[in-house]
Amino acid sequence: MTEVPPRPAAAPAPRPQPVIGDDAFQPGAEEDGFGAGPFPTAARAPQNAAPTGTAMVPPGSPEAAPMEIDAIRREGLTGRQLRMARRLAQKHELPATSDFDAVRLLRARGIDPFQSNAVLDLVTSAGGGGDGLPPGGSRALTVTPGGQGGMQLPQTIKAAQLPSPELRAEQAHIAEVGRIQRDIARRRRRRSALLMARLFIFVILPTILAGIYYYTIATPLYSAKTAFVIQQAEPAAAAGMTSLLRGTPMASSQDSIAVQGYLQSQVAMTRLEADNGYRAHFSAPEIDPIQRIAPDASEGDVYRLYRKTVKISYDPTEGVIQMETMAADPQKAVEFAEALIGYAEEQVDQMTLRLRDDQMKGAQEAYDEAEAKLADANRRVVELQERFKTISSEVEVSLITGQIGQLEGQLTQDKLSLAQMESNESPNAARMEPLKRRIATLEEEIGKLRAKLTEDSASGLSVAKIQSELLMAQADVQTRQMLLASSLQAMESSRVEANRQTRYLAISVAPVAPDEASYPRAFENTLVVLLIFTGVYLMISMTVAILREQVTA
């Protein structure tokens, strides 16, 4: 908006009191904007004019007041004009009973209330012209509709006021705010368009491509599901704390986990590849390029595909191993499942066989050792008996002690006989001498026998030493016999325990050839792709926004 500089205000000139009549438009009067000629509708009707059929009433008389007030009412004056006329009447101390009566009285006094109103507006308004009019203002006459002899004086038409500096500043501020809002809206539209483009490129387009692949290109895979458990052959009643876990899944949980790990290992994959052509099946031309592996692919690539197509899980609460095998052909999926079940059975048998062998091996070795040591002890006893030429040391001792006892008896009798002979007053020396020699011989023989029991002789060891060695050898034999009996009992217990540790693989759900493909799950996979790309896009966008804020801060 082009600002127009305000016109300098001139000193207001005294305005002559307007008069009613044609002399108000005479040359030399103040210019009112309508030229020097009289305005046709401003001509005053003759004072002696009266409506047809009425008596002549002089204007200004009390009788003519109602008719003049009715004529003023029909002029259509505004409320502001009437209020200004009433204030002007109060200024001139006219007894007006109403606003219309004030207009009548002012006109009767020759005062135009409307021209005074314009003069008051010019006096109270700011920036008025020097001629009493607003800048660029002019007067205009209006004709009262239905007026009869009434005269309307020219009214002031106000020109458009220029805005003040405060208003112009406010308008400029509003325009600046509008410009900023339009710029923000334009940036938002551009940012929204850029955001939609990025979403389409990084989220929607990959999702569409993934959906096209899963719905039209991906090779359908058939899955064969099976479930089996590992059972333990144990008696119904068992003693000890282990009886609390017998018959529960916890008793065979280690074996189940071991079988699960074996079926998921590369060893099982290698056996499946060698026995059932796993690599050849998934490198066939009918497999889509993404799932197909090269015929010369590495073992790592084949093993990664094996982990995807063979899924094995173990439920510890039920003790059930669930297996799912996938293949492009239903019969091939069943073939893979049956082969893996066979591998699991072999693995279970190997684990229990090794456990049974370990338990029986120790018991058998202990029994064999006890038996060999018992034989050595028996051989030692025989050797001692042969060397000492005695069957039993106790028998030998009893024989010697018996001989000593007999000799002791004879010796005692001979000593008694000798003592009886010596008691005579005149003993017979011929009879006493042989008896004394016999007593000496018996004593000598008894001494030899006693020495044979405890002293070594030139012919061999004493009976005490022979008896000691024979007793030790015989005690060793008895000990080895007890150890042999204990080893035999331990071996039998180990055999029983080994039989208890036997594991069996029981199939609860046998694999069945499916009649429809289970994979790929097009809708779920497409939805997952959408969520993944959306999450990645949001993370990247948040990271970029945070970095931008840190840089600009």
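## Salt bridges in this predicted model

Arg187 is partly exposed, with 45% relative accessible area, whereas its partner in a salt bridge, Asp183, is buried at 18%. Here buried means under 20% relative accessible area, exposed over 50%, and partly exposed in between (1.4 Å probe, protein chains only). Asp183 and Arg187 sit four residues apart in helix H5 (residues 165-217), about one turn of the helix.

The model is predicted, so local features need pLDDT of at least 70 and side-chain atom pairs pLDDT 80 or more, while totals for chains, interfaces and linings use all residues. Residues are numbered from 1 along each chain as its sequence is written, and side-chain values use heavy atoms, leaving out hydrogens and water.

A salt bridge is a side-chain nitrogen of Lys or Arg within 4 Å of a carboxyl oxygen of Asp or Glu. The whole structure holds 18 salt bridges, including these:

| Pair | Closest N and O atoms |
|---|---|
| Arg104 and Asp101 | 2.8 Å |
| Asp183 and Arg187 | 3.1 Å |

What separates Arg104 and Asp101 in helix H3? They are three residues apart in this helix (residues 99-108), about one helical turn. Helices are DSSP runs (H or I, at least four residues), numbered from the N terminus. Both Arg104 and Asp101 are buried.

Asp414 is buried at 6% relative accessibility, and Arg438 is partly exposed at 45%. Elsewhere, salt bridges with shared partners join Glu68, Asp101 and Arg104 into one network.

Notes:
Helix = DSSP H or I, 4+ residues; strand = E, 2+ residues; numbered from the N terminus.
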